[in-house]
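Trainee: I'm new to this one. Could you show me how to read its pockets and its sheet?

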Amino acid sequence: MRVLVLNAGSSSLKSSVLESGRREPLAAMSVGWGADASRLAGRDESVGQLVDGLAQAGVDAQSIAAVGHRFVHGGPAFRRPVLIDDAVLSTLEELLDLAPLHNGVALDAIRAARRRLPGIPHACVFDTGFHESLPAEAYVYPLPWSWHEEDGLRRYGFHGLSVDWAVRRAGELLARSAAELCLVVAHLGSGCSVTAVEHGRSVSTSMGLTPLEGLMMGTRAGSVDPGLLLRVLRDGRLTPEELAEVLDHQSGLLGVSGVSGDVREVERAAAEGSERAALSLRMFARRAAEGIAAAATALPRLDALVFSGGIGENAAALRADIVRRLDVLGVPAIEAEESASDRLLSSPAHRPAVLRVEAREDVIIAESVTALLAGTGGPTRPA
């Protein structure tokens, strides 16, 4: 079975075509959307560009048996992969506010893909699904119980597809069963999160009800003092809508540096002498290290720290700065060296290990769609 995977993220639309049982894509393309895809007009045209590009990559669009879509927040309605019909689309529309930078972007891509590739199954696979295993102590907020029990306000967690793949690859790179490993996976990109994984299961994660909680990100603030937010609302400085705009679109690396939410542009500005850009990078590294250290407390031990996502994979100097701050946990220092492939970054003799793993949500999505259509539920995870 050939599955076309469409991964609509907060900064790009990635596509790949995978055949059952194979990891190497027959074709892989992407369209960059900048640091904030939700602000870009004409995103649905990107789907057409990628479908048209299949022929140039030697793949007949008629050979595609199904399309798999990444959807960040399934809310309480969706945790497991689901075939898309009009009723599912209607429910997905009700979830847009839970992930403003992601769900609307993904929904546009789904609609465009269904128009362009009708007559074949389209399915959604959810980032929240991997975090089904979170214990109550990790997903219940310290708020009035009725908020949780009656209103369903709880931690969901995100980047689950990336974490799922990172766990598998960590086992392969360390020549150990993923089912026996205790890991912290740091997915650092336009959006950033850390997840503690014990024996293949999520036990703690930094993002919450929405993808706004946790680490400092490209244009998102991450966690800040709620008293500060109440103050700017009470003194009339911002309306709730304006505050949402600031927290999602004007904060993070962009807000502090004044340059960009793209770490490459921020690093260039810092190298050219911008003090604010340099400060934003130090803040990013500190908050990432704090998040990693906090996640590690949910584990009985730490076998490895895994970096993934655009920043985690490619920003070598920033990655090394984050690791340097984790010496107190016994994490060995690493060199600020570039790497274009999955590899062990630390010395083989040291534990915990430090790994670099390319985010391959497409493999997990393709496997999930194939299993869904075969009626087997999804890829097998460690028990």
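Mentor: Let's start with residue classes: Ala, Val, Leu, Ile, Met, Phe, Trp, Tyr, Cys and Pro count as nonpolar, Asp, Glu, Lys and Arg as charged, and the others, Gly among them, as polar. This is a predicted model, where local features need pLDDT of at least 70 and side-chain atom pairs pLDDT 80 or more, while totals for chains, interfaces and linings use all residues. Numbering starts from 1 along each chain as its sequence is written, and side-chain values use heavy atoms, without hydrogens and water.

Trainee: How do the residues lining the largest pocket divide by class?

Mentor: A pocket is an open set of points on a 1 Å grid over the protein atoms alone, where a 1.4 Å probe fits, with protein on both sides within 12 Å along at least five of seven lines; lining residues have an atom within 4 Å of a point. Here the lining holds 13 nonpolar, 21 polar and 12 charged residues. Ser11, Ser12, Lys14, Gly309 and Gly310 are the closest of the 46 to the centre.

Trainee: And what classes line the second largest pocket?

Mentor: That lining has 16 nonpolar, three polar and three charged residues.

Trainee: Which strands stand at the edges of the sheet?

Mentor: Strands (E, at least two residues) are DSSP runs, numbered from the N terminus, and two of them pair if DSSP finds at least two bridges between them. This open sheet of six strands runs S9-S8-S7-S10-S12-S11, with mixed pairing. S9 (201-205) and S11 (343-344) each have a single partner strand, so one side of each is left without a neighbour in the sheet. Further in, S7 and S10 run parallel, joined by five bridges; Val185 has Val306 in S10 as its bridge partner.

Methods. Helix = DSSP H or I, 4+ residues; strand = E, 2+ residues; numbered from the N terminus.
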